[in-house]
Amino acid sequence: MTRKNPKVEEADESEIEVSGHPKTWAAGVPGVYHSMQPALKHMGAGRAAKTLLALNQKDGFDCMSCAWPDPGHRKTFEFCENGAKAVTWEATPVVIGSDFWAEHPVSELRERSEYWLGMQGRLTEPVYKPAGEDHYRPVSWEQAFSIVSDKLKGLTSPDQATFYTSGRTSNEAAFLYQLFVRAYGTNNLPDCSNMCHESSGWAMGQTIGIGKATISYDDFAKADLIVIMGQNPGTNHPRMLTALEEAKEAGASIVAVNPLPEAGLMRYKNPQTVKGIVGRGTDLADQFMQVRIGGDMALLQAVSKRVLDAEAAAPGTILDHQFLQEHCEGLEELRTHLGHLDEAAVLEATGLRTQEIDELADRYLRADKVIITWAMGITQHKKGVATIKEIINLLLLRGNIGKPGAGASPIRGHSNVQGDRTMGIWEQMPPAFLDSLGKEFNFDPPREHGVDAVETIRQMRDGGIRVFVGLGGNFVGAISDTHAAFAAMENTELSVQISTKLNRSHTVTGAEALILPTLGRTEIDLQETGPQFVSVEDTVCAVHASHGTVDPVAPGLLSEVAIVSRLAQHVVGDSVHADWGGFERNYDLIRDHISHVVVGCDDYNRKIRQEGGFVLPNGPRDSRTFSTPTGKAMLTVNELEHVERPAGTLILQSMRSHDQFNTTIYGHNDRYRGIRKGREVVFVSPGDLAELGLSDGQHVDIHGVYHDNVERVLRNFRVVSYPTARGCAAAYYPEANVLVPLESVAEGSQTPVSKAVIVRLEPVPVLVEEPTAAG
């Protein structure tokens, strides 16, 4: 059953409701209700049961909403509220009919919200917007592939095209995509990781030789201390709350470090337990450290200094000397550097009291097994790479890498962003991978590094890149400096989007534009040799299969693998020894090649069919081996620099609401923060409101303060008095992207600095109507 073109109302921001009382616990019965209500409404009981009961099951499909790992013993309802919303959004039977494109010019669609666009339904046929026209129109698959092929073959250099990848892409599609792009002749392979965890990869790669988590799922329940930094698991990866509950029940202590008090860090009411339904649930954070935005690096250095001071006071009793001697370098340099740390500077940067830092240090010193876990609140800073290096420093001092219950845990927010990187989606893949790829397919892959996401915008803006191809995602909606991103995309000759549903990137296009509709992960993928499955890698390096469970919403949809295979046939053909047609018919052929090219993926077809899949090798975790130039883990010296806040300004971070996943907006509510029926709000502490002469409920324009003479402003946002850290503010992503300059990036990783934007709030004048004269 399919339905067409629903009537969708845009949010009226004048009707926004603010409770003023943020929640102090997450999930519970409301979590169940808000999972099932949209599923039943938009999919119906049958389709909802087929999808939700297969979500994250061993013979089902992998959730699209995050990369949280699956436990070995899974429950019947192995999904969370946002996972259910993601499935509902994708598996809806609502489809976009051919008449939609004639009724809605691109210029009109561009004025629509992300919510409205996504709610129009699934894309079902290729559509093309010719140069100079304002409407997409349906075309055949063959016409679509010919348009792309002709444009790519007509470029003077392969580097004039860029090929973006979303983290929802499967391992099989990602491997084929990077092969196609390199066979075409470029390493221009930006991906969503460039905008989120690139800082983690850079920092961890340089210090321990691998940019992935050094823990397994089971390590959480074995830890003595878990430090959660810069993340909001209650909204962004709710199933993590179950692992934290298990850790607390096993005796772990939890410390939350975040500028905002988040419900999911305070208390969890597990809806699959009696105490989660009728009882209080489980208190999670034993200590909440409300750090100022950008103060995490100073906090980590202060704790490491306290550890070193404790060792100096009781030599031989604090540090893990055997581990440090056998496996690490740089201890003396770090000791000397932190010996000069200014405590006053630490307190200013963090906004914390000395006693709070002492308490965290004491917890760390008492714990034998420590996990530090983090997300975007750490990575999207100018000093994001250095901050993560400080996380590694603190872990290494007491041997908290390479033993059960301890390690570094970056939490990936997209379902397969880690797997895509493993499969070769990176503009800077190492020579060994390129050598292996070239040998397998008998060609010489390009060696010069390609462009990342930010550099893609720069080169599209400057005319160096003329064609953009996006395998999933919402590139212009996700990247920083929204107006610059829009102008850059409009400067291309052709933009191509491979997508399941409409989003902003379909409305901001090159002169010509194509949308190629694809199967969703929820749907049965039937090819010539029978039903196919794909595979993904989660945040702890576990690789497992994903099988669609419901019929496609429309006939004629192609899978991502099929689209990439056919595109490659048209563009590169037999210039490499690749059976493009065979890959589409039988995904086992792709996995056979992965076995030969990707380290750790040998015998892929057999291992992926094992119950639960398999785990990729991880030197730091498995054997305390480190693939660095010296073969040892590196303790590093990093110069402290905190975010300067001029008088009259605030430091703003962007964040998700509870009703969204990345740029996908499921609704206009943020249940845990007390916001309903709108998104145009800015959260500011009561103390800062008083200092700035503003009041709760007042409307302001949010001006970005950056010295490049470009006006960046969000108009008419409602102020919400909220218990943020002093000097800090928060607004929703992607709306706040307009405030983030393209040139404001993390040192080393080039990740946009979306978590430390200096802003000025200017009151919106209240218009008072003059009374009319009496008649």
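Modeller: Let us begin with helix H17 (residues 354–366), which lies across strand S8 (225–229), S9, S12 and strand S14 (370–374). Its direction is at about 130 degrees to S12. Helices (H or I, at least four residues) and strands (E, at least two) are DSSP runs, numbered from the N terminus. Contact means heavy atoms within 4.5 Å. Axes are lines fitted to C-alpha atoms, for helices over the stretch in contact, and angles run from 0 to 180 degrees between N-to-C directions. Please note that this is a predicted model, in which local features need pLDDT of at least 70 and side-chain atom pairs count only at pLDDT 80 or more, while totals for chains, interfaces and linings use all residues. Residues are numbered from 1 along each chain as its sequence is written, and side-chain values use heavy atoms, with hydrogens and water left out.

Colleague: Which strands does helix H19 lie across?

Modeller: Helix H19 (residues 384–397) lies across S8, S14 and S15, and runs at about 175 degrees to S14.

Colleague: In what order do the strands of the open sheet come?

Modeller: Strands of a sheet pair through backbone hydrogen bonds, either parallel or antiparallel. Here, five strands form an open sheet in the order S12-S9-S8-S14-S15, and the pairing is parallel. Two strands pair if DSSP finds at least two bridges between them. Strand S12 (287–289) and strand S15 (407–410) are the edges, each pairing on one side only. On average, neighbouring strands are turned by 15 degrees against each other, direction ignored.

Colleague: How many bridges join S9 to S12?

Modeller: Three bridges join strand S9 (residues 253–257) to S12. Val255 has Gln287 in S12 as its bridge partner.

Colleague: How many aromatic pairs does a search of the whole structure find?

Modeller: A pair of aromatic rings is described by the distance of the centres and the angle of the planes. The search finds 16 aromatic pairs. Rings of Phe, Tyr and Trp (its six-membered ring) pair if their centres lie within 6.5 Å; planes under 30 degrees apart count as stacked, over 60 as edge-to-face and the rest as tilted. Phe163 and Phe180 form an edge-to-face pair, at 5.7 Å centre to centre with 85 degrees between the planes. Phe163 lies in strand S7 (residues 161–165) and Phe180 in helix H7 (residues 171–184), so the pair ties together parts that are 17 residues apart in sequence.

Colleague: Are Phe163 and Phe180 buried or exposed?

Modeller: Both Phe163 and Phe180 are buried, where buried means under 20% relative accessible area, exposed over 50%, and partly exposed in between (1.4 Å probe, protein chains only).
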